[in-house]
Amino acid sequence: MRKRVAILISGGGSNMLALARDMADRNHPGLPCVVVSNRPDAGGLEKAREMGIDALALDHRIFKGDRAAFEAELTRTLEEYGTEIVCLAGFMRILTPAFIDRWAGQMINIHPSILPLFPGLETHRRAIEAGMSVHGCTVHEVTADLDSGPILGQAVIPIERGDTPGTLASRLLKMEHRLYPAVLRRFAAGDRTKVTIMGDVQEPGPGPG
Ligand code: GRF
C-alpha cells in the first residue's frame, strides 16, 4: 500500500512539485493526498491542482495568532485525507510542540543549509558571509527543536566566486528538487538510510603543487 503524503507549502511550491512529479510514478511508495497552504495566494496551490491533487488554503490569519486553533484545523484536514506522511516544503509557520508530537516520526522538512550549520532564515547570505566554500540543503525529521531533527539526507554544492544570496539560492533550489524526492522515496518505504548528493564539485586546475 502506498503511503498517503500531504505536502504543506506557503509559496511557489517548487519542492512540492518535485515531490508530486516523483510520486506520479506508480511504483513510488508514496501517494500525494493533499497540498495545504497557509497562504491563499500561494502559487503552488494551482500547480498542485493542475496535477490533479487536492489543494486547499488554510489561512493562518483568520486564527488571529491562535496557533493551537490553526494547527487543530490543519490536523483535522490532514486526518480527513488519511495523511500518513507530512512533507513541509517551504511551509513558513513555526509549529507548536503539540502539532509536532501528533505527527512525530511522520513529518519531514527541507532546510536550505547543511545542518546543523545555519538553522533559521537567510541561510544563503549567512553561508557566504561565513566564508564557506560549500553550501547545501538538508532533509530532516521534524522534532520540537527548530531545524534539528534527525538528518535523512543532505546535498552539497560549491559556493562560487561572485555568488550572491540570490544566485546561490537558485542553484541550491535545483539541488533541493533532487534531494527531497530521493529522501521521500526512502522514507515512505520505511528506509531511513541517509541520502547524500554531491553536486558539481570543481576539480582544482593544475597548480604549482
Ligand atoms: C526552499 O528553499 C526551501 O528549502 C525553503 O523555502 C523554499 C521553498 O521554495 N524552506 P518552494 O516553495 O519549494 O519553491
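This section describes the ligand site of a predicted model and the backbone geometry of one loop.

In the predicted model, the ligand is surrounded by Gly12, Gly13, Ser14, Asn15, Gly90, Ile110, Pro112, Leu173 and Glu176, a shell that divides into three nonpolar, five polar and one charged residue. Domain 1 (1–103) and domain 2 (110–209) both contribute residues to this shell, and the ligand therefore lies between them.

A polar side-chain atom of Ser14 is placed 2.5 Å from a ligand oxygen atom, and a polar side-chain atom of Glu176 lies 2.7 Å from an oxygen atom of the ligand, whereas for Asn15 it is a polar backbone atom that is found 2.8 Å from a ligand oxygen atom. Taken alone, the ligand exposes 370 Å², of which 78% is buried by the protein.

The loop between strand E5 (107–111) and helix H5 (123–129) contains Pro116 and also Phe118. Most peptide bonds are trans, and most residues other than glycine have a negative phi. Against this background, the peptide bond joining Leu115 and Pro116 is cis, with omega at about 10 degrees, while Phe118, although not a glycine, has a positive phi of about 55 degrees.

Key
Residues numbered from 1 in each chain as written. Predicted model: local features only at pLDDT ≥ 70, side-chain atom pairs only at ≥ 80, totals over all residues. Heavy atoms only, no water. Near = heavy atom within 4 Å. Polar contact = N/O pair within 3.5 Å; in protein donor to acceptor, adjacent residues only side chain to side chain. Areas by Shrake-Rupley, 256 points an atom, 1.4 Å probe, with all protein chains shown as cover. Nonpolar A, V, L, I, M, F, W, Y, C, P; charged D, E, K, R; others polar. Domains from an automatic or database assignment. Helix = DSSP H or I, 4+ residues; strand = E, 2+ residues; numbered from the N terminus.
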